[in-house]
Amino acid sequence: MALIKEIRQRTGLAIGVIAVGLIFFLVGGDILGPNSMILGSGRTTVGEIAGEKISYEEYVQKIEQAKFSFQQNTGRNPSENELYSIREQAWQALIVEKVFSAEYEKLGLTISDEELIDMVSGKNIIAELRRELTNPQTGEFDRQQLYAFLQSLDNADPQQRQFWAQQERLFADSRLRVKYDNMLAFSEYANTAEARLQHKMANTIAEVDHIQIPYYVISDTAVSVSDNELKSFISKNKGRFKVDASRDIDYVTFSLRPSAEDSLAVLSDIRALTEQLRSSENDSVFVLRNSEATNAFRTILPGDALPVNLTANVEEPEVGMVYGPFLTDRSSYVSYKITDQFEGTPRMRASHILLSTEGLEGAAKAEVRAEAQRILDEIRGGENFFFAAQQYGQDGTAQRGGDLGWFAKDDFIEEFAEAVFSVRSTGLINRLVETEYGYHIIDVTELPQTRTTKVAVLELELIASDATRNDVFRNADMFAANSSNAKSFRENAEKESYQVLRAAAVGSSARSLNNLTGAREIVRWAFTEASVGKVSQVFELDDAYVVALVVAETGEGLADLRDPITREQVTMEVRNEKKAALIIDKIKGLETLEAIKEVFPDASLGSTPDLRMNSTVIPGVGFAPRAVGAIFGMNTIGKLSKPIREDIGVIVAQVNTLTPAPDIADFTRYQNEITTNASQRTSYMIMMAMEELADIKDYRYKFF
């Protein structure tokens, strides 16, 4: 372990992180032993994939591999939540292995030894290694770090060499998946007819008047809904209401809140430590030894905010001063010491809209530039940058309005960095910036800042003491011992004024009961040991003891109306169907939207001057794809449409003008659009199709 830490310090090669990342890529993103009774009965199958039974031993081996990667990267064993993620990664890795290996073999896809060597030490180092081996001074890939790491493996122990061999296998599996996905992605093609339709959908525009009659205009009491109607609705929509096996569980919680004595004890401890922190000569060592904070000694880079509990209580923190203790919303006490402040590497903040030109040349690239210029001109004219970024941005920042956060000059490609760091005021950069990724429209939101602050964080958790826990456990144990069935469970709860909560339709893989987290063992008990009417032993969670009762069990099939969420959803849909019929009947024969408005004053009357055929939303109305389709399917201008039932209400529309898409000679842009969109979905769609064809059965809930 000491060796791998030394290697990590010298090279920055976070192999474990790469391994986890690769496992996530391959799927598209203290091992608990099984119950001995289950193993004793010979039932050691944890699932089936593509007709092949997966044994407990095979699954555990995959978990061990992922767990080993985690340990090598972090130097510690995973927590229970981290173990859950590791188990999921292992299961998904098995799915990939079983489902895709046959496909690779059919197609003759392989990774040769020469290709693997080239991937990890040759001319074409894989991106995962290049990202981890960056020289902090230059921001560029440092090949010498890689060579130093590989050479150190000659003297590493067998376990470390085995670990690297495991990573190489992951690299190879990742490359095979890339080859397979690319083979299908690059086979995507859009013909001229498809492109012509895409052009028509994007550029056919209607000027429309419309009215939306919401369902609340009809009172709920005016419509009766029977259980038979609800059951009939579920039966007609079986695809939407398929559910796995579930349990209804009642439970009583015995909260492990710290007592007043516990709080005083923690407060006394942190006050004493805070005084020691004032005079400490090595703040980082002091808080690392005494603080329970996850990141006890922090460097706050320019632009980043100081801890919230500090800024909420102190206006201008000063170097050398200690502040606190303060009570946090995490049930802890915290104190801070400002260890140092200095001028660091400048960082600024900006947002951008990227229009990609990767793989494009000549006329196609010029067309993208023209589109980028058009968008820039619209923003200059007053269009909101945030919404424009969401609409036109072609990278991962689009959903957050193009925000890139705070960054240093070396964090970005040269052309982009030079453009943003050369400005002297915030606002839109009045030109397009071209990089190898495409054309950027940039809005500078914060000018460079340089103040860097080092903060020592002294934090102690406020938790229940052993004495408090013992008192609470005695109460929970007494309740469980005296509750042998459902009747006594409820009687004892009422007698002791304990609140009985219900978790309905709990699935076999659930890890919580309502908002009660960490309840996996309760769920596993309900599915493997319990039956209806059985009361559990006391379960210990992080912040409570729990006694549970199974009140109902449902097999795999259609959703049950006993589930309140299902009942509420189905009732609303059936009720809205009936309300729609009443609304349509009341407006029958009316020939103008204004006449409909007179009948239903609460209806929303509006107009849209530029509704496009490929829209799914009507401005001012909401998501209404059926209505949009009906509008563009109308043959008569100036006439009312038939009433259209949407989830948001009944819509009636009148098309005033319809402007067909203009004729164009070249549909290349639309062909590229269709092909690119289809290619981007390929990997995910392949995985979903493969999983469906593999008919995966998951029995892991019996073991974990």
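**Backbone and helix packing**

A: A50 is partly exposed, with a relative accessibility of 48%, where buried means under 20% relative accessible area, exposed over 50% and partly exposed in between (1.4 Å probe, protein chains only). This is a predicted model, in which local features need pLDDT of at least 70 and side-chain atom pairs count only at pLDDT 80 or more, while totals for chains, interfaces and linings use all residues. Residues are numbered from 1 along each chain as its sequence is written, and side-chain values use heavy atoms, with hydrogens and water left out.

A50 lies in the loop between strand 1 (45–49) and strand 2 (52–55), strands being DSSP runs of E with at least two residues and helices runs of H or I with at least four, numbered from the N terminus. Although A50 is not a glycine, its phi is positive, at about 55°. S331, also a residue other than glycine, has a positive phi near 60°; it sits in the loop between strand 7 and strand 8 (332–356) and is partly exposed at 42%. Within strand 7 (residues 322–327) is P325, which a cis peptide bond with omega of about 5° joins to G324.

Turning to packing, helix 10 (residues 192–203) meets helix 24 (residues 668–694) at an angle of about 95°, with the axes 8 Å apart; the axes are lines fitted to C-alpha atoms over the stretch in contact, and angles run from 0 to 180 degrees between N-to-C directions. The two helices are therefore roughly perpendicular, a term covering 65 to 115 degrees. Contact, meaning heavy atoms within 4.5 Å, involves residues including H199 of helix 10 and Y670 of helix 24.

Definitions and conventions: Angles under 35 degrees count as roughly parallel, over 145 as roughly antiparallel, 65 to 115 as roughly perpendicular and the rest as oblique.
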